Structure formats: structure tokens, C-alpha cells
Amino acid sequence: MVQQFPALIVVIPLMAALFMVPLGYFNRRLCHPWLVLILAATSTMAVGIMGQVILHGPISYRMGGWQPPWGIEYHIDQLNALMLILISGSGLLGAVYSGPSFAREIDGRQTMASSLYLMMITGLSGIVITGDLFNVFVFLEIASLSVYGLIACGGGDAPLATFRYIIMGTIGASCYLLGVGYLYISTGSLNLMDLNRLLPELYHTRVVLTAGALMLVGISLKMALFPLHAWLPEAYYEAPSAVSGVAAPLYTKVAGYLVIRIVYNLFDFHFFTRIFPILEILSWLAIIALLVGSLYAIAQTDLKKMLCYSVIAQVGYIVLGIALANRAGFSGAILTIINEVCTKSCIFLATGAIIYRVGDSRIVNLGSLFRRMPITMLAFTVGVFSMIGIPPTLGFFSKLYLIFACLEAGRWSFIAALLLSTILNVVYFFRVIRVACFEDPRPDYQRTEPYPEVAVEEAPLLMLLPVVAAAGAIILTGLGSHWIFLNLIRPIIPAGF
Amino acid sequence: MLEHLLLQTILIPALAAPVIILTRRAVGRKAAWFARLGLSYSTLLLLFACLELARTGAPLLESHAFAGPEITFNLLGDGLSLPVALIINLLCLALSFYADHYIDHRIEAIYGEVDEHTAIYHYTRFYALFLLFPTGFMGVCFAANLIGIYFFLEILPLPLYFIMAMFGYIDRVRVAMICLMWAVFGAGFFLVGSIIVYYASGSFAVAGIQALAGSPAATWAIAMFLVTILAKMAMVPFQVWMPWVHAEHPTCIAGLLAVYANVAVYVMLRLIIIPLPADFQIFSTPLMIIALVTMVYGALLTLGQTDIKRFAACSTISQLAYSMLGVCSMTTAGIEGGMFFFLAHIMGKTIIFSTAGIIVYTTGIRDMRQLGGLARKMPLTTALWIIGALGLAGFPPMNSFPAEWIMFTGIFKAGLVGSLTKLVVAIGGAAAITLSVVYCFRSVKIIFFGPLSEQLAADSHVKDPPLSMSLPLLGVAATAILLGLWPSFILDLFHQVVGPLAF
Amino acid sequence: MLEFVISKYNFWVYVILMMIGLYAMLAKRNLVKKLIGMNIFQTAIILFYVSIGVKKGPVQVPIILTEHGHVVQAIRATDYLNPLPHVLMLTAIVVSIATTGVALAVLILIYRRYQTLNEDEILALRQQRRETGA
């Protein structure tokens, strides 16, 4: 049974998504328990796969028993297993959260939304587990289509945001597909490991150069790397809270995982540094993304929009780690991915809880929130500390590794940009904490009436648990960051650094 | 119980904070006693450790693995860190008693007439945040790992931000943000310096900084650390935040704010001067000049103040520079005197600030010109203020007297042996002391002597404060006098660490 | 030059189609036209893949004769077109259809809200609503 986990982890959510529709037709209240059950099963399988990979080394699973490169192979090493755990874990938190959240925001459409949710998890799991390039495209589109549907549920301006996302996302996926096509023409293979073997003699041909460029541009669109980020703020802002709480942490990071695979496993990174030196450009784009994302975030008046721009800034960190192409950068990029999934889950879900209680997420409406929703805000504060990079949260360690990477590469200006973005993070996050924590920021002599009485109105339990769990995960991964480095990152560091 | 002594001093305040929050419903205001008992216990532990150290001369070393071999949680309690930690802990303990009435007064002033439930909520929130201060300070004193020091230095602005924004004066929220931004700015440079040390020496351990000696990396690392230290100590040109913050923050943590700023001197000694004396020489004279400028600037600023809290705030700027001057002189006497002055300063500043808080609490007036003749109605307060003023001015029997004496011995020695600039700075420093004396005694005269205005005479609130506010200050004053009469207790401990360096 | 264009005429067709699609997606103001552009873009890529499988010379479509489960003769791969791109593109066509379906559903929702499908008008209306409503 355990041997079949790699296939099951993709198939079970898929089948369950289809089964959800008649189930929901029968009794709508069964959707949420079914969702949680399936995602708990998925998470267990992800943990099982991770255990196997740590104990026995990378797994190679052949779909249908067909030999690669003719059949589709799932090659699971520590990075895949890690991404699986992140996806299932985040999905589980979102699933638990979606009970009250969907009931409040998209009542009546829970069946379809939950079904699409499972399809989204299918798609994301498939992307990170497969070793076949075309399979990646298929799962990428499965995930994207489900998230298009989920975001459009948001009402208001969500359909417009979704349409823009559809157009841009499809351009991205199609560019990626075209790139894969070029690789197929020149080598005849679609299997990642096989191509790694076949491509080096073709590195100097124009076809392969174009393929590399197209694939990276396509994935960068999905990853919202500046300047291809325009779809992200609107789309994740208009989405329902449970959706943005899962999609925002996961999508861009899965796309980041794809970039890691393309740069390090498909092509050797020498290709991108010597023959086709775009890693240099990528690192500068990453720095610009860091700074511009943070600057945009400062200009926002709505908490959720601000967080979307923060996602754009964090994508810059990941790409910086990848583009610096050294040990510390690689480790820093992966640690940033882990940190981002945990932290953004925590913060986005907490924001959803705030929207649940307060009505919207504009910063001016967040007054005395620490008194009204103490536990939520405490978890939010832990998330903020992780974004800023205060030990012992994982945010500190990931930033430390990135700084080491810049030092190793001799880029002092990048270190200055990293520290500057940290300060900018402090500015916009502490602005929220200030409004939420302090009753009235006006000076004493301008207040004429006493402070109003405020009652504690915490979010419902099912929404509170995932937020707290995510905050706990931030601290646990921070304390265990060395374990993560030794067991999960060091075995997969590419040779030749 | 005596194992992991240093870890206990850090953890006990940290653990008492959530205990206070969790038990606030059950025990109400008495939850603050968790803080007081915890701090008493850790103070006793530290006193015991100091006495042990004085007897045996063996420093305390504790190792705790944390996140991998690079980032450990090693704690070092030697002759330098133990006395500093002891005095800081003593001040936290005193202020935890003093704050009792003061915070109630602030809660009433800011939040108006609230029901008991909300009042207890704010009260316990203050104490929980307050406990982060001793945690942070103990961590900074004892951590033997650069990332550890960075972590505790980053913790310290947080309770400062929250307490100031929740319980401070007029424009508190904005000023709290200013303070936080300066702290983050400084912390960034500290991190860069730590990373330079890591790359040059291969580890984050403080003991490994020596390995940098002689290389250009040492100069860069020192420069980075110095930016942090100067920003924290509000030296010219980074002094802009200090008067604002000191004016707006609640007086019950005033002493701790002085510690927060001054502990940077300890950090400088530990990270720069002890491991890398030769590389520091080049910075020594410029820093002494900066310290002198700050001294004079602060003193002149203080002379012009009429607000009682700003008075104390600007004198802090000036006095911070004293310990900097002493430590930068790079002589044994100067360093030990400078560190002892650090301790004397924080004690004297606590007394003065807290007494200023008492005056504002009872009379409701912050302008010194409107006060006068209070000696008749508030004798105890007068005594406390005079003791504090003597402490700031450097008069016997306060401990700042031997501190200044020893410090200037060292500074003059550096001036006579070293360059002419240093001699000029030394003379300038001695002259600046007279300014301190002037403003101290002038304040005493204005506030407490002279005619009493009718308004104050009629006000029934104007009397000596409750015992819970004055007793802790008397305790601190007594300790200061004791150390003034018997400075060798602490100076010998310092000498264990500084002496072998043979400047 | 002419030689170059004529011998690779299929690739030129696909590039031109792709650019038409891209142009439509970017420059057209009507949302439905953008959607059609997206469709053209995807179709161009699909055609590109399909054309990969073509070989010159006497090749057959890969339908293999069998008799009661046994293959009649040994297979020589050079006699048949490459079926893999066709198979891959079946999937891609399905993806394209699904995307078009979702996009059309979203367009219906947009129409319900704004009563127009012209992007400029929609943005102006949205700005108006934001200023007055929220």
C-alpha cells in the first residue's frame, strides 16, 4: 500500500472531488467533513512518503509499470516530499478553515467550491510529484483551472480579476508548453531525468536556448515575478478567504519549485550562468521585486491587498536564492519556500478570520482588534515576526541563509537591499499592529470621550485552529531549521557548486 | 537549583510573563506578584553568583545547543557580565514595585474611568510586557554567541514599543514607532557585523572574534557594530530619538530605558574592545571626541529644559557619553571606571526619573517653573531627588563619585600617554562635569526650595507618595550608597576580566 | 531567404497565428475578443506540436492491424507517424476547452455585474463604484 502512495496522493483527491458532487447534492453539510477527511488522508500519505524518502532515499514510481522514458515516472526526492507535505498540510488547514468561511462568504455553493478545492490540491500535488514535463503542464492547468473557478466565487469584482488571471495564466502555461515542445523536438524525450542526460550536448543550439527561455518566462508568469505580477494582487484579494488562505501561500511557491527543477535538475545551472547567462538578470529582477513589492505594500490601505503585495516581495527572495546559484542560496530559497507557506497561511487565514468578524480588512477598521480577537492577533503577530525575520521563527534562518548566499557571491548591494526590505516589512506590518493594538492613535489631548467598551469576539473554533496551527508550524520549523537543512536540503544540493 | 543559574535568570522572567496573562482572571492584580517574586529570586541568584565569583574567581559557563552547531545558546557569566546583570536585575525588581501605583494612574489618565475588569487587563498586560525587559537584558549580558545577542537585542525594543504606545504620554504611538525604527536600523547593522565575523572566523561565538585580529574584516565588523552601538546610545549624530522617547514614555520604565541605551557600552566592551583592542585603536580618538561633544551637547540641552521629564531625558544623553568616554580611552582604569559609571548612571537615573514620576503623579505638573518649595510637603521625595542629583553630579557618598574618579584617572592617563587630542578631550570631559553639577543642583533648588505656590499648598494630593513607590527607590539609593562606600566589590569583579588585558 | 520561408512554412503559420492570438489578448478591448485571442494562441501551439509528428516519405497513420489479439506483423517504427504528440495534444485540447469554458462562465458573471463587455467601460464603472460605494 505504501508503495502506491505516490499515485494515490494524486488519485484520491481527484476521485474524491468527483464524488463530492453527488454527495453534496444529497446533503450539503457532508461536504466539509468529506473535504477534511480526504485532506487528512492526503497529509498522512505525504508524511509517509517523506518518511520513506528520508529513510531509503529517493523513490522512483512508474505509472502503470511503464518504463521511463516512454512511461510517466514519478521521481520523489527530498524536495518533492517536502513540497508534498507543505501542500497537503496547507490544504488540510484550509479545509478545516473552509467550513465556517465558505458558509459565511459563498453560502449555497459549498459543494462546487469544495470539489474545486480538492481538484486544486490534486493539481498542486501532481505538479510537485511528477517527473515528466508534459505531466507538469497538465497538472499545472488542473490546478490553475480550479483556482480560477474558486477565485471567481468571490463575488463583487472577483470575476474581472479572474478573467485577467485566466488570460495571463494561460499565456504562461502555453509558453511553458511551447518550451517543452522545443525540448521534445530536439531530444525526443519528456522525462526530466532523461532530458538532464540528453541535453548537455545540445546546450549550444538555438532550440534549447529558446526552450529554456520560454519555460522560465512561462513559469515566472505563474510565479508572479516582477514585472509579470500584475494579476496577483487583484486575484488573491477578491478571492474568498479560505481560497486565498491556501492559494496565496502555495501557488507561487509551487511555481518556484518548478523554477528550481528547471534551473538545477533539467538543465545544469552552468547552462544558465555561462551559456545563457540569465541568472544574473533574474537576480536583479528578484531584488527589484523585493523592493517594489514592499513599497507597494506600504502604499496600501487594505490589509489583504497589502499581504498580496507582500507575496510578490517574497517571490523575490526565492528567486534571489535560486539565481545566486550557490549552496547557501539554494538552501535559502528552499527555506524561504517553507517559511512562506507556513507564514502566509497563518497571516492570510488570520486575515480571513478578521474579515469574518469585522466585515472587511481595511486597516482603519482594525482598531482594538487585539482585545477583540486576542488569539488570532497573537498568531498574526507570530506571522509578522517571521516575515520580519526575528529568531526563533523560520523567517530569520531563511534570511540568514540568503545573506550568506549574497556574501558568498560577493554581492554587497544585495545584502543592503535585503536589509532595506526587512525595514520596509517592519514599517508596513507594524502599522497594522499599531492600529490593531492601540485604542486610538490620536494624542491624549485630542480625545474627548473615554474609550469604548470592547467585548472579546474570537473567530469560530474551526477557523481559529488552522491559524494557530500555522503559527505553531512557523516556530517549530524555525527551531528545527537545522534538522530540515541536514535531512532535506543537504542531500539534494546539486553537485558542482 | 544552582545549576543552569544563568539560564534561570533568563527564563524565569520569560516564563512568568505568560503566567501573569493566564492567571489574570483568577487573581486580578496580585498576578503582578509573579513578576516581583520571579525577579527577587533571580536577583538573589545573581547576588550569590557574584559572591561566588568574588571568592573563587571562576567564571560560569553554560552550554545549550540550539539550532545546529553554528547557533548555540552558550551563556557566559564572568566578572564583567555578572555584576552588570545583578544591578540591572535589581533595578527591574525595584521598578516592578514602583510601577504598581504608577500604572494605575496611567491607566486612569489614558483610558478614563474603566471597569475593574479592563483595568486589570491593562495592568497585567503591562507587567507581562515589563518582564520581557529583564529577559532581554539578561540575555544580552550573558549570551556568548553573536546571534544570541542579536536575538535579545531585537527582543528589547518590543516591550518598549508596546509599553510606550499603551501607557505613555501625549504623542506616544508615533514616538514608539520612531523608537522601533531606530532599533531595527541598528539591529540590521549588528547582523551585518555578525555575518562578517562569521565569515572571517568561522563561527558566531563571541570568543571567536579574536581570530579576526589584524585583518581588514575586523575594521569592517567594528564599524558595523559601532553604528548599532552609537544609534542605541543616542550619541551625536544619532541622538534625535532620545529626547522624544524619554519625554513620552511612562516613568515606571524610565530607568529601564536608560539601561536599554547604556547596555550598548557593555556590548561594545564585550564584542570589540576585549577581543580586538589593536583594531579598535583607530576608532578610539574619534569616539572620544563624539562622546565629548555629546556630553557637552546633552548638558547644555538639559540646562535649558523646563519640563521635568525632558530634563531627565537630556541629562541621560549627556551621561551616556561619560561611560562611552571612559571605555573608549582604552586604559584599565578608564574601562573599569566607565563600566562602573554605567552602573552608577542607571541607578541614579532610575532614582531621578522615578522621583520625577512621583512628582508628576502627585502634583500633576510637569513644568519645573511652576513647582517650588515642595520640600515642606514632600520631605521623602526631596531626599530621594537630592540623592539622585548627587548621583548624577558625581558627589560622594554616591557610587558615581568613585566611578568618575577612576574613570578620569584612566582618561587622563590616556591623554598624557597618547595624543594631544586625547588630553584635550580629557580636560574637556572634566570641565563638562561642572555643567552636570550645575544643572543638578539648579533643579533641586527650583523644584524643592523657594516659596510654595498657593495652588500647591492647597492641593491635598501633594504629599509623599505611597510606600510601594518610595521604598524601592530607597532600596536602590541605599545600594548606590553602599557601592559608593565599597566600590571594590564590583571593581574587583571587573578587574578579573579587564585586568589581564593590560592596557 | 525564400527557400527558408517555404521549407519551414508550417512553423511560420504557427508563429503568425500565435502572434495574432497574442495581439488579440493584449490589444483588443472587448473581453470576448481577448478570449478568442487566447484560444487562437493555444491552437497555434497545438498545431505546432501536431506538426512535429509528421515525417516525410511513405509513412502510415499508426493504426496497427491485429487479429484476435495477436499482432499480424512486426512493427517497424519508421513506417509510422509519431503518435505521441497527437496524444499529448488531445490532452492540451481538453485543457484549452476547459479554460475557454471557465472563461466564458466568468464573462457571464462580469456581464451580469457591469452590463458591458468592453474593458475600458468596465474599468471606468469599477472606478466609479469604488469611489461612491465603498
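Trainee: How many helices and strands are there in chain B?

Mentor: Chain B has 21 helices and two strands. Keep in mind that this is a predicted model.

Trainee: What makes the radius of gyration of chain B agree with a compact globule?

Mentor: Set the value against the rule. A compact globule of 503 residues would have a radius of gyration near 23 Å. Chain B has 22 Å, so the two agree. Along the principal axes, its C-alpha atoms fill a box of roughly 70 × 55 × 45 Å.

Trainee: What share of the residues of chain B count as buried?

Mentor: The share is 64% of the 503 residues. Take the contacts in chain B with a separation of 6 or more: 82% of them join residues 24 or more positions apart.

Trainee: Why is B:His249 called buried?

Mentor: The cut-off is under 20% relative accessible area. B:His249 has 0%, so B:His249 is buried.

Trainee: Where is B:His249 found, and which residues does it touch?

Mentor: B:His249 sits in the loop between helix H11 (241–248) and helix H12 (254–273) of chain B. Setting aside residues up to four places away in sequence, B:His249 touches B:Met164, B:Gly168, B:Tyr169, B:Ala254, B:Leu257, B:Lys309 and B:Phe353. Consider B:Val173 as well: it is 76 residues from B:His249 along the chain, with 10.0 Å between their C-alpha atoms.

Trainee: Why does B:Cys314 count as buried?

Mentor: Its relative accessibility is 2%, so B:Cys314 counts as buried. B:Cys314 lies in helix H14 of chain B. Beyond residues up to four places away in sequence, B:Cys314 touches B:Gly298, B:Leu301, B:Thr302 and B:Gln305. B:Ser400 is 86 residues from B:Cys314 in sequence, and their C-alpha atoms are 18 Å apart.

Trainee: What is phi of B:Met330, and where does B:Met330 lie?

Mentor: Phi of B:Met330 is near 60°, again positive in a residue other than glycine. B:Met330 lies in the loop between helix H14 (308–328) and helix H15 (332–363) of chain B. At 6% relative accessibility, B:Met330 therefore counts as buried.

Trainee: How do you know that the peptide bond from B:Pro396 to B:Pro397 is cis?

Mentor: Look at omega: it is near 0° for the bond from B:Pro396 to B:Pro397. Most peptide bonds are trans. B:Pro397 is in the loop between helix H16 (379–393) and helix H17 (400–417) of chain B. A:Pro227 lies in the loop between helix H8 (206–223) and H9 of chain A.

Trainee: Is A:Ser115 buried or exposed?

Mentor: A:Ser115 has a relative accessible area of 9%, so A:Ser115 is buried. A:Ser115 is in helix H4 (residues 110–129) of chain A. Apart from its neighbours within four places in sequence, A:Ser115 is in contact with A:Ala17, A:Met20 and A:Val21.

Trainee: How many residues are in contact between chain A and chain C?

Mentor: 29 residues of chain A are in contact with 36 residues of chain C. The area buried between chain A and chain C is about 2,800 Å², with carbon and sulfur atoms giving 79%. On the chain A side, A:Leu160, A:Phe163 and A:Tyr184 lose the most area to chain C, together 22% of what that side buries.

Trainee: What makes C:Arg126 and A:Glu234 a salt bridge?

Mentor: The cut-off is within 4 Å between a side-chain nitrogen of Lys or Arg and a carboxyl oxygen of Asp or Glu. The closest N and O atoms of C:Arg126 and A:Glu234 are 3.5 Å apart. The pair therefore forms a salt bridge. The count between chain A and chain C is three salt bridges. There are also seven residue pairs in polar contact, both at pLDDT 80 or more.

Trainee: Which helix of chain A gives the most to the side that touches chain C?

Mentor: H6(A) does, with 16 residues. Helix H5 (133–152), helix H6 (158–187) and helix H9 (231–238) of chain A each supply at least two residues of that side. The residues there divide into 19 nonpolar, five polar and five charged.

Definitions and conventions
Residues numbered from 1 in each chain as written. Chains lettered and ligands numbered in written order. Heavy atoms only, no water. Contact = heavy atoms within 4.5 Å. Buried area = accessible area lost by both parts, 1.4 Å probe. Polar contact = N/O pair within 3.5 Å; in protein donor to acceptor, adjacent residues only side chain to side chain. Helix = DSSP H or I, 4+ residues; strand = E, 2+ residues; numbered from the N terminus. Nonpolar A, V, L, I, M, F, W, Y, C, P; charged D, E, K, R; others polar. Rg over C-alpha atoms; globule rule 2.2 N^0.38 Å. Buried < 20%, exposed > 50% of the residue type's maximum accessible area, 1.4 Å probe, protein only.
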